[in-house]
Amino acid sequence: MIGSGYVGLVSGACFADFGHTVVCVDKDERKIAALKGGAIPIFEPGLDRLVSENVRRGRLSFTTDLGPAVAEADAVFIAVGTPSRRGDGHADLSYVFAAAEEIARSLTGYTVIVDKSTVPVGTGDEVERIIHATAPEADFAVVSNPEFLREGAAIEDFKRPDRVVIGSDDPRALAVLRDIYRPLAIGRSPIVEMGRRAAELTKYAGNAFLATKITFINEIADLCEKVGADVQDVARGIGLDNRIGAKFLHAGPGYGGSCFPKDTLALLKTAQDYEAPQRIVEAVVGVNDNRKRAMGRKVIAAVGGDIRDKTVCVLGLTFKPNTDDMRDSPAIAVIQTLQDAGAHVHAHDPEGTEQAQKVLENVTYFDEPYAAMEGAEALVIVTEWDNFRALDLKRVKSLLAAPVLVDLRNIYPRARCEELGFTYCGIGR
Ligand code: UDX
């Protein structure tokens with residue numbers, strides 16, 4: 001497993017748990033030293049136990065030395081980062097190509113190189129070309145096997161996926177991959193085989209569709225607010241239609257994270273390159289970008305339009321619960337909008353404070369939610385961590401300087417909040 005980040009580490013640990021022998025490689029010496037010492041560099045429920053158990057059983061190990069790991073392997077997974085390239089939004093493939101070159105130098109015997117990183121259509125061809133140019137004699141195949149796991153539910157998603165996508169038309173490679181994924185096939189997860197380019201595009205199309213679904217319900221929520229309907233009723237009403245499906249219809253402050261924003265942009269770049277415009281995805285990206293700041297303005301409106309020198313308490317900073325990931329989190333734009341309008345921000349997040357400190361300035365952080373809301377003139381829920389659902393609302397009201405509750409995730413019942421004397425402002429309700 002080349003790259004021991006989110007996808008690499010989770011996939012590596014899960015493959016080891018299937019009974020395979022896995023070596024996780026990373027260039028970052030500190031990360032590998034930490035992993036060897038039993039420390040997990042990311043926050044992901046259940047991952048530490050899975051890693052330590054498989055290390056103890058001798059099936060999972062860590063190294064910075066790519067060569068020997070590759071030489072021994074039947075399959076080499078590329079799971080390095082593909083961030084958005086600065087300036088043009090294209091996926092930055094330099095880590096993928098560097099890995100391909102390095103892998104090529106150490107290949108022995110027939111080896112399947114599997115692209116697990118999210119990479120634009122045609123990357124598999126380029127990886128193949130690089131390996132062939134570096135090691136003309138090497139016996140290998142390049143396969144696309146995109147990963148669909150969600151942060152916070154990564155192990156469950158990996159072990160019980162809706163499907164596994166394998167893109168290759170090489171029978172030998174397909175046989176190796178079928179073997180690797182056999183435990184999932186036995187567990188009845190569909191293993192879908194297709195062309196390599198189709199597999200590469202499947203990942204982008206999947207994420208773009210999900211981003212579209214969220215953005216669709218978010219705009220319906222805006223309409224609900226105007227016409228006096230509850231978006232949760234509408235979402236349930238449409239979601240029960242099997243053709244639509246109930247998932248990913250939670251209206252909120254806009255999607256964030258390490259995948260949707262980056263992958264939708266990369267898809268648009270591919271669309272541009274191939275002159276096949278994706279107007280729906282273009283609209284989704286624009287609507288979602290605007291929405292995040294609009295959420296800040298919603299808070300300002302809720303406190304009466306002038307927020308200068310007022311203190312606002314923000315609960316939840318990460319882009320979703322059960323992660324410490326702040327990448328493209330709506331909280332960033334919400335907080336910056338409030339600060340631009342002169343507000344002081346007090347914040348609490350169960351896991352994200354350390355990451356938040358790197359991207360947000362002039363925020364006062366608190367270790368627990370009640371301390372963060374003392375004296376604030378509004379309480380804003382940006383991320384729906386479970387412990388916020390269970391807050392004692394009477395205590396909340398007694399701590400706030402003004403009982404304004406802006407619930408950007410619709411986690412509280414409006415009627416109960418109003419009964420308690422809050423000015424309640426949800427999404428699409
Ligand atoms: C996503 C995909 O789900 C996963 O398949 C892919 O491999 C990587 O990208 P992830 O980024 O971990 O996973 O998070 P996800 O749970 O999908 O949420 C993404 C964003 O959408 C979050 O900001 C979340 O709050 C938001 N969201 C999700 C909504 O606003 N409403 C919803 O109904 C669902």
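The shell around the ligand takes at least three residues from each of domain 1 (6-194) and domain 2 (195-429), with domain bounds that come from an automatic or database domain assignment. The model is predicted: local features need pLDDT of at least 70, side-chain atom pairs count only at pLDDT 80 or more, and totals for chains, interfaces and linings use all residues. Residue numbers run from 1 along each chain as its sequence is written.

There are 20 residues around the ligand, and Glu151, His250, Tyr255, Gly257 and Cys259 come nearest. A residue is near a molecule or strand if its C-beta atom, placed from the backbone, lies within 6 Å of it. By class, the shell has 10 nonpolar, six polar and four charged residues. Here Ala, Val, Leu, Ile, Met, Phe, Trp, Tyr, Cys and Pro count as nonpolar, Asp, Glu, Lys and Arg as charged, and the others, Gly among them, as polar. Helix H10 (residues 196-227) contributes the most to the shell, with three residues. Helices (H or I, at least four residues) and strands (E, at least two) are DSSP runs, numbered from the N terminus.

The two domains are next. The centres of domain 1 and domain 2, taken over C-alpha atoms, are separated by 32 Å. Across the boundary, 27 residues of domain 1 are in contact with 24 residues of domain 2, where contact means that the C-beta atoms of two residues, placed from the backbone, lie within 7 Å. On the side of domain 1 that touches domain 2, helix H6 (123-134), strand S5 (140-144) and strand S6 (164-167) each supply at least two residues. S6 gives the most to this side, with three residues. The side of domain 1 that touches domain 2 divides into 13 nonpolar, 11 polar and three charged residues.

Axes are lines fitted to C-alpha atoms, for helices over the stretch in contact, and angles run from 0 to 180 degrees between N-to-C directions. The crossing of H10 with H13 is left-handed, a term used if the near helix is turned anticlockwise from the far one by less than a right angle, with right-handed used if clockwise. Ala208, Ala211, Thr212, Thr215, Asn218 and Glu219 of H10 meet Ile280, Val281, Val284, Val287, Asn288 and Arg291 of H13. This contact of H10 with H13 comprises six nonpolar, four polar and two charged residues.

With helix H11 (residues 231-239), H10 packs at an angle of about 135 degrees, the axes being 9 Å apart. That angle makes H10 oblique to H11, and the crossing of the two is right-handed. Ile217, Ile220, Ala221 and Cys224 of H10 make the contact with Val231, Val234 and Ala235 of H11. The residues of this contact are seven nonpolar, no polar and no charged.

Another helix pair is helix H1 (residues 6-17) and helix H3 (residues 47-56), whose axes come within 9 Å and cross at roughly 50 degrees. H1 is thus oblique to H3, in a left-handed crossing.

Notes: Parallel < 35°, antiparallel > 145°, perpendicular 65-115°, else oblique.
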